[in-house]
Amino acid sequence: MQLALAQAALAEQLGEVPVGAVVVGADGAVIATGFNRTITDHDPTAHAEIVALRRAALALENYRLPGATVYVTLEPCVMCLGAMLHARLARVVFGASDPKTGACGSVINLVDEHRLNHQTVVSGGVLELACGDILRTFFRRRRHKDSHLDQA
């Protein structure tokens with residue numbers, strides 16, 4: 001999760017929402033990393049998880065990533081969790097819960113939808129405080145900046 005936090009910091013440097021993700025193989029080796037790039041790439045699908053999954057699939061030359069784990073600093077949304085299920089991930093580990101778009105129990109729980117053709121194990125709350133702090137600080141700064149612009 002520390003590596004995912006480092007990826008989140010890279011997103012923040014670009015002015016992106018600071019979310020980072022890492023794909024790790026069954027052997028514990030890092031396959032790929034990613035961070036939010038939606039603004040930079042003008043791509044609504046360029047969430048950290050999607051970026052990391054794409055890179056991992058290219059590295060392994062396979063769109064399926066059986067046995068792999070994704071570590072992500074924020075609870076995945078429906079799009080990202082759907083992509084992870086299609087990739088046949090063994091496990092998803094996230095840091096902070098997302099009360100606005102979280103698909104692992106915060107808003108909706110796709111993990112418990114047993115009609116889906118693949119299941120994965122999901123764990124949340126890993127380094128939750130650190131993962132939440134980078135997001136809270138980012139949005140606090142953004143609100144502060146925006147309030148100063150409103151006064152100008």
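Biologist: In this predicted model, how far apart are the end C-alpha atoms of helix H1, residues 2-13?
Modeller: Helix H1 has 12 residues, and at 1.5 Å a residue these should span 16 Å.

Biologist: Within what arc do the buried residues of H1 fall, seen down its axis?
Modeller: The buried residues of H1 are Ala-4, Leu-5, Gln-7, Ala-8 and Ala-11. They line one face of the helix, because the arc that holds them, seen down the axis of H1, is 155°.

Biologist: Which residues are exposed on the other side of H1?
Modeller: The buried face of H1 includes Ala-4 and Leu-5. On the other side of H1, the exposed residues are Gln-2 and Gln-13.

Biologist: Is Val-23 buried or exposed?
Modeller: Val-23 belongs to strand E1, residues 20-24. Leaving out residues up to four places away in sequence, Val-23 touches a set of residues, among them Ile-31, Leu-53, Leu-65 and Val-70. The cut-off for burial is under 20% relative accessible area. Val-23 has a relative accessible area of 0%, so Val-23 is buried.

Biologist: Is Ile-108 buried, partly exposed or exposed?
Modeller: Ile-108 sits in the loop between strand E4 (91-96) and strand E5 (121-123). With a relative accessible area of 40%, Ile-108 is partly exposed.

Biologist: What accessible area do Val-78, Val-107 and Ile-108 have together?
Modeller: Val-78, Val-107 and Ile-108 form a nonpolar patch on the surface. Together their accessible area is about 240 Å².

Note on methods. Residues are numbered from 1 along each chain as its sequence is written. This is a predicted model: local features need pLDDT of at least 70, side-chain atom pairs count only at pLDDT 80 or more; totals for chains, interfaces and linings use all residues. Side-chain values use heavy atoms; hydrogens and water are left out. Helices (H or I, at least four residues) and strands (E, at least two) are DSSP runs, numbered from the N terminus. The expected span of a helix is 1.5 Å times one less than its number of residues. Buried means under 20% relative accessible area, exposed over 50%, partly exposed in between (1.4 Å probe, protein chains only). The arc is that of the directions from the helix axis to the C-beta atoms. Contact means heavy atoms within 4.5 Å. Patches are made of residues with over 30% relative accessible area and no salt bridge: like charges are joined within 9 Å, nonpolar side chains (Val, Leu, Ile, Met, Phe, Trp, Tyr) within 5 Å. Accessible areas come from the Shrake-Rupley method with a 1.4 Å probe; for residues, only the protein chains shown count as cover. A salt bridge is a side-chain nitrogen of Lys or Arg within 4 Å of a carboxyl oxygen of Asp or Glu.
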